[in-house]
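Below is a short briefing on one protein model. Look over the sequence and the structure first, then read the points by topic.

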Amino acid sequence: MMEATSPQSVRDEEVPALIDRLSQSDSPLPSRMIAVMLQISLGMRTGDRGRLHSALTQLQKAAADGEFADGSQALWLHGTLSMLLMLAGETGGSLLDTEAAEDLLEGLPAVPADGDGGAMRVLADCMRVQLRLRKLQETRDLAATDQLIDELHDFDTGPLIEAGMPGVLGYTLGYAYLSRAYLSGSRADMHQAVVHMRDAVESLGGLAAFETLSDVNAAPVHGLAALLGSDPEELRQGLLRTRSVLGKPGVTFDFEVKTRVSLAIGLEILHLRTGDPDLMDEGVTELETACRLLPPEGAPDAQSVYWLYASRLADRAAARPGTAQAAEDLPAAVRAARQSLRAVADEVLLQLGVRHGLSVARRGADHGCTAASWALAAGRVDEAIDCLEAGRSLVLAAAAESRSVTDRLEALGATGLAARWRDAAASATPGVGAPLSVEAVFAAGMEGPRLPGDVRRQALDLLRTDAWQGGEPTPAERVAALRDGLTRADVDALVHLLPGGGTDDGAVLLVTPEGSARSVPLSALSAEGRAPLAAFLAAEAERKRVDADAGSSPQEARRAEARWREALDEVCVWAGEVLTPVLDTLDVWPRALAESGLADASAGDGRDVRPVRLVLVPCGSLGAAPWPSALLRPPEGLGGPGTVRAFEVSVITHAASGQEFLRASARTRMRPAERPALAFHGDDLLAWAEEEIALLHEVYYPHAEVYRDQDAPATPGTVLSLLGGRAESAASLVHLSCHGIAGPDPTTSALRLAPSRPGGSTGEDGPGDDEPLTLAVLLETPHDGEAYRSRGPLVVCGACETDLTTRDHDEALTLTSVLVHRLAADAVGTRWGVDDDESEILMLVLHDRLAAGAAPPDALRAAQRWMLADPGRRPPVRALERVRARRWNRDFRHTDVWAAFVHHGNPSGGTPQ
């Protein structure tokens, strides 16, 4: 047992024989379980998941033989198996392993009446609380954090004191208060965290492994105290204590990496307190060493280690501007940041499902934007674009790569692994169903029990090895691929919109079919310059809050609506300050004004009357702005108006990333009238939307499949089948008229459709009149046919908020972006709730232009321009002949409907094939 708690108490060469002796079938249960603890300890120290597999197999066999029958033994089994699964998640596994551990910890058996097993119960409860706190940091749930802190204070410390481990509870309390400080920003919470962690560091004695961990944490814990005003000399002593463990036997496989990161954190804080520049250099050196120690195949904490190193290099460059050191540090910071972003992408791909993938992607939130700003400061535009691309849409990118995994595994001869990957992807939906049990973990496959994350870990290790042999594209090669895509799609520019951090300006990054990528710095994209966008988002949140509050008065609703409309006008002016320089830099104003008819054709060159086409990739919260409605100011002297909306002079398409643009633009459109499907589900608030479906059927799509509540209901299953049919029978157009919601978490954004079962919903909201088709289900549900087939339909979402995300903006996970990612060539969605009376008019004009042969982005633009035009100057629309004139023959310029709709997908003006 000493070897498990005091590494290398037994010589390395003797450990396997010792485990073999203890593991004999005729050995008593305590001996075999010591062997299990040895296997787990070795797995933690070496990163060898095979050791964890051996421990899992031994536990399964003993459980199958009924050897964990009494209460204390069952409690020990639950606790040990939970610890094994947690370690599996931290040694190259996935969140499936960690979530399995959490399920087991939530179902811990009670402590037996004789009290035996109390220490294991408290240890297991501390593990459970720590896992729960991680999730609460994501959801920012302060009330639930307080409940966990209260629970920890109520724990019985007696069993831990008897076991010589009182510091475990102190550390957990410190971590809980640190989590609370992260959410509250409270100095008092930080102080409580320091008090409990310092006590834990001093009390984790007795066992060599705990003493070592205590020493490793001395520097960061004393660093926290120093930030609160303690004597820097205490931090110096903490640094000496942490440094003393270097060269000692490691407790974990990444022990030295963690130790050097702890030293770097302590050194950075000491530098902040003393101003000694040598301390900054020492911290950078420690992190450089830590990065060199990371294995080339990756490690669970690789992304955070690389990112910390990149940040310190950038900080040093900023502290020493104009020096040779700064000239070296900034490009090095960009290289380290790109390694961090690659590590995050690898971890996202390792996860199963959009919820787990998004959880991991959040660890790199905003890192792509920050790294891009460093690259621009170093004068490297291609690398800036590469950083933005590497930090965006990681969940969509992982879904794209995941669907090709089985084919790639089979090409490498790993047919069995390919089959297991396919089965796991088809049957497993994280977070759905009953909590995992001990029996479920022990359920044996052909080769015995497996850890939940095994399949994806093994597959990705094999594919990564194969990928290394082919090399990785350079930033210049990636930008060249984007340039080629723009040429094929006849697009003028791919435009990344980069927000500035702190007091720095933001920038517009332009990739065009010819020439080098360019950067245009803009003060309007600085934090201060983005104030109109912040005000618009706040007004939108307030409008939604008032609308959802049944107790709100009509006056409150009117005031909230008025403030929102004022904020919308102001954000459109601000957006114009961003996009006007784009058209200036591209030098397309004469052509844009001539093509749009807003200036004499002689203002152009007389030959090129193609519309200006832009693909926008807004980063961060910029993705929430209504860019097509931006109010631009053309140059004087061209004969145009003083201001124009962006959609008046250009065709604008949104893309989650440059890679998503390439996927969508490579997909050929289907003719909308080839096999159209029209779906309606709603209530009295969508009366005009139901008429919309009827008019589209009568006027433009007489052979359409129509789904309505009274006929064939538009259920989630029905819509999924329309969106996922085989290439030869897929719907060519799917028009959805229903309610939509942008959830607080992107995975919960949904279309509200008809219930699958008579009598109400089967969804999470319980019985009701509708059932959600969530973004997560839309992205994860397997579909027939090749995942990225060459032809795709047009999907029109007349629903509210189908192109809105309220957080995780750089993931760009909206219903419309997922629809394009899944199979659509084009998708149209909305940024906010719209009046279905006015949206019906816009939808009828949109389909009229489609029927005339316009491509979807051009048809949307035409419909928006129609709404903005003087009633006497609008072209005729066939469907409107059946609508009372007073509904459409009026001024729509002061409404918000035309500004709400955006296009995703193929930006070209090519006609359907």
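**Around V508**

Setting aside neighbours up to four places away in sequence, V508 is in contact with V495, H496, L497, R518, S519, V520, L522, L525, V578 and V582. The model described here is predicted. V508 belongs to the largest nonpolar core, which has 83 residues.

**Nonpolar cores**

- Within the largest nonpolar core, the residues with the most contacts are V508, W574 and W627.
- Helix α28, which covers residues 554–586, gives the most to this core, with 12 residues.
- Another core lies apart from the largest one and has 56 residues. Among them are V354, A679, A776 and A824.
- As a general rule, nonpolar side chains in soluble globular proteins tend to be buried together.

**The chain as a whole**

- The protein chain contains 39 helices and 20 strands.
- Of its 913 residues, 56% are buried.
- Take the contacts in the protein chain between residues at least 6 apart in sequence: 73% of these join residues at least 24 apart.
- The chain exposes about 36900 Å², and carbon and sulfur atoms supply 52% of that area.

**Cysteines**

- A disulfide is a covalent bond between the sulfur atoms of two cysteines.
- The structure holds zero disulfides.
- C797 is in no disulfide, and the nearest cysteine sulfur, that of C738, is 7.1 Å away. A pair of cysteine sulfur atoms counts as a disulfide within 2.5 Å.
- C797 counts as buried because its relative accessibility is 1%, and the cut-off for buried is under 20%.
- C291 is also buried, with a relative accessible area of 9%.

- Strand β14 (residues 739–741) runs antiparallel to β15, and three bridges join them. In this pairing, H739 stands opposite R752 in β15.
- Strand β16 (residues 771–774) also runs antiparallel to β15, and four bridges join these two strands. Here R752 stands opposite P772 in β16.

**Helix α31**

- Is helix α31 (residues 658–665) largely enclosed or largely open? Six of its eight residues are buried, so the helix is largely enclosed by the rest of the structure.
- The buried residues in α31 are G658, E660, F661, L662, A664 and S665.

**S94, in a loop**

- S94 is found in the loop between α5 (71–90) and α6 (95–106).
- S94 counts as buried because its relative accessibility is 3%.
- The side chain of S94 reaches the backbone nitrogen of L96 at 3.1 Å.
- Not counting residues up to four places away in sequence, S94 touches G89, L350, Q351 and G453.

**R32, in helix α3**

- R32 lies in helix α3, which covers residues 29–46.
- Is R32 buried or exposed? R32 counts as buried, at 13% relative accessibility.
- The side chain of R32 makes a polar contact with the side chain of E67, at 2.7 Å.
- Leaving aside neighbours within four places in sequence, R32 is in contact with L22, S23, Q24, S25, S27, Q58, A62 and E67.
- R32 and R21 are 11 residues apart in sequence, and their C-alpha atoms are 8.9 Å apart in space.

**I269, in helix α14**

- I269 lies in helix α14, which covers residues 255–274.
- I269 is buried, with a relative accessible area of 8%.
- Which residues does I269 contact, leaving aside its neighbours within four places in sequence? They are G223, L224, A226, L227 and L235.
- I269 and P220 are 49 residues apart along the chain, and their C-alpha atoms are separated by 8.6 Å.

Definitions and conventions
Residues numbered from 1 in each chain as written. Predicted model: local features only at pLDDT ≥ 70, side-chain atom pairs only at ≥ 80, totals over all residues. Heavy atoms only, no water. Buried < 20%, exposed > 50% of the residue type's maximum accessible area, 1.4 Å probe, protein only. Contact = heavy atoms within 4.5 Å. Areas by Shrake-Rupley, 256 points an atom, 1.4 Å probe, with all protein chains shown as cover. Polar contact = N/O pair within 3.5 Å; in protein donor to acceptor, adjacent residues only side chain to side chain. Core = buried A, V, L, I, M, F, W, Y, C linked by side-chain atoms within 4.5 Å. Pairing = 2+ DSSP bridges.
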